[in-house]
Amino acid sequence: MDVRPLGNTGIDVSILGFGGAPLGDLYARLDEVQAVGAVEAAARAGVTLFDTSPLYGHGMSELRVGAGLRRAGATAPVICTKVGRVMDPFARKAPGEGYVGGLSHRARFDYSRDGALRSIEQSLLRLGAERLDIVLIHDVDVWTHGPAAIDARFAEAVSGAYAALADLRAQGVVRAIGVGVNEADMCVRFARECDIDCVLLAGRYSLLERPAAADFLPLALRRGIGVMLGGVFNSGILATGAIPGATYNYRPAPPDVLAKTARIETVCRRHGVGLRDAAQRFVLGHAAVSCVVLGAVSAAEVDAQIAAFAAPIPPALWAELKSEGLLEPDCPVPA
């Protein structure tokens, strides 16, 4: 597995990172052995970055990631988790809080200093770890909190969670800090107001749309901010194609998105490349991007992802996408 430096953090990461969100029983209750086996398979295949969060299954993902890394005998995995929510084991999660299964613990937002420190303590216990390489402030974005509340949440996160993480970084307890969000504009805001090392950005730089290319990715290059990308399938449609029921941003895809995806898929088909394979490889063409974080729920799924990263993609595919107006003429593409 190829590795790249994560900005100026001094941390090298595999270009394919393991995403732990599905291990929280996001869409279905998973078999425990199979779920832990996915982590184990990734570690043994050379994946080094393992991303998780207290949110994912309200702690279940962290439990499974930790178990899988121990079973694999991973000696130096790069563990990334998040703060911004604290789990309460004495309160049951409310109906509709997301995740089909996972733990029953109630989640509450807490971007304060004490909340961040409590969240890290809980994460270390669930992971069975003695250290955390990367800690991100999670979901400080309009998508999560709405336009009326975002300024207050941002101020709380900067004065509370960020200050706590900066202290831990200075003490050498945490190697790198940053944010994990769904909006490129919030990445820019944090980068300008805080000394962050890295970002996990979901959905805003993909084969379908690239709002992060305007301001954030050039800023990340100038500042040496490491960029990990999640959501490269835009929550589903770039994996499934423009089929009935395809999802975009976790909702049914609108007609214009379906139409554009169908055009991209047609070009991919002409070059003998699967849409999913093109989508996960395309984003690595940008110099600011260190790795793609993909979720997996089984060893077989991990194996398929790794095989897809090894398969050649003809340069003519990217050239035709540009000639068809589906990529910008100056858009960077994989060599």
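Tutor: Gladly, and we can start with burial: buried means under 20% relative accessible area, exposed means over 50%, and partly exposed lies in between (1.4 Å probe, protein chains only). This is a predicted model, in which local features need pLDDT of at least 70 and side-chain atom pairs count only at pLDDT 80 or more, while totals for chains, interfaces and linings use all residues. Residues are numbered from 1 along each chain as its sequence is written, and side-chain values use heavy atoms, with hydrogens and water left out.

Student: Which residues of strand 3 point which way, and are they buried or exposed?

Tutor: In strand 3 (residues 16–19), Leu16 and Phe18 point to one side and Gly17 and Gly19 to the other, and all are buried. Strands here are DSSP runs of E with at least two residues, helices are runs of H or I with at least four, and both are numbered from the N terminus.

Student: What makes Gly17 count as buried?

Tutor: Gly17 has a relative accessible area of 0%, so it is buried. Gly17 also sits 6.2 Å from Leu294, C-alpha to C-alpha, although the two are 277 residues apart in sequence.

Student: How do you know that strand 3 and strand 14 pair?

Tutor: Two strands pair if DSSP finds at least two bridges between them. Strand 3 and strand 14 (residues 289–295) have four, in the parallel sense, and Gly17 stands opposite Val293 there. Strand 3 also runs parallel to strand 4, with two bridges joining them, and Phe18 faces Phe50 across that pair.

Student: What does strand 4 pair with in strand 5?

Tutor: Strand 4 (residues 49–51) and strand 5 (residues 78–83) are parallel and share three bridges. Within this pair, Phe50 has Ile79 as its bridge partner. As a reminder, strands of a sheet pair through backbone hydrogen bonds, either parallel or antiparallel.

Student: What do these pairings build?

Tutor: They belong to a closed barrel of eight strands, in the order 3-4-5-8-9-10-11-14, with parallel pairing. Neighbouring strands of this sheet are turned by 25 degrees against each other on average, direction ignored.

Student: Why are helix 1 and helix 2 called oblique?

Tutor: Their axes are 8 Å apart and meet at an angle of about 55 degrees. Axes are lines fitted to C-alpha atoms, for helices over the stretch in contact, and angles run from 0 to 180 degrees between N-to-C directions. Angles under 35 degrees count as roughly parallel, over 145 as roughly antiparallel, 65 to 115 as roughly perpendicular and the rest as oblique. Helix 1 and helix 2 are therefore oblique to each other.

Student: What makes Arg71 and Glu40 a salt bridge?

Tutor: A salt bridge needs a side-chain nitrogen of Lys or Arg within 4 Å of a carboxyl oxygen of Asp or Glu. The closest N and O atoms of Arg71 and Glu40 are 3.2 Å apart, and the pair forms a salt bridge. Arg71 lies in helix 2 (residues 60–72) and Glu40 in helix 1 (residues 32–45), 31 residues apart, so the pair links distant parts of the chain. Arg71 counts as exposed at 55% relative accessibility, whereas Glu40 counts as buried at 12%.

Student: How many salt bridges are there in the whole structure?

Tutor: A search finds 20. Among them, Arg108 and Asp110 meet at 3.1 Å, N to O; Arg108 is partly exposed at 39%, and Asp110 is buried at 11%. Another joins Glu209 and Arg204 at 3.2 Å, with Glu209 buried at 16% and Arg204 buried at 12%. Salt bridges with shared partners also join Asp25, Glu32 and Arg64 into one network.

Student: What stands out about phi of Asn234?

Tutor: Phi is near 50 degrees, a positive value in a residue other than glycine. Asn234 lies in the loop between strand 11 (226–230) and helix 8 (237–240), and at 1% relative accessibility Asn234 counts as buried. Asn249 has a positive phi too, near 55 degrees, in the loop between strand 12 (247–248) and strand 13 (251–252).
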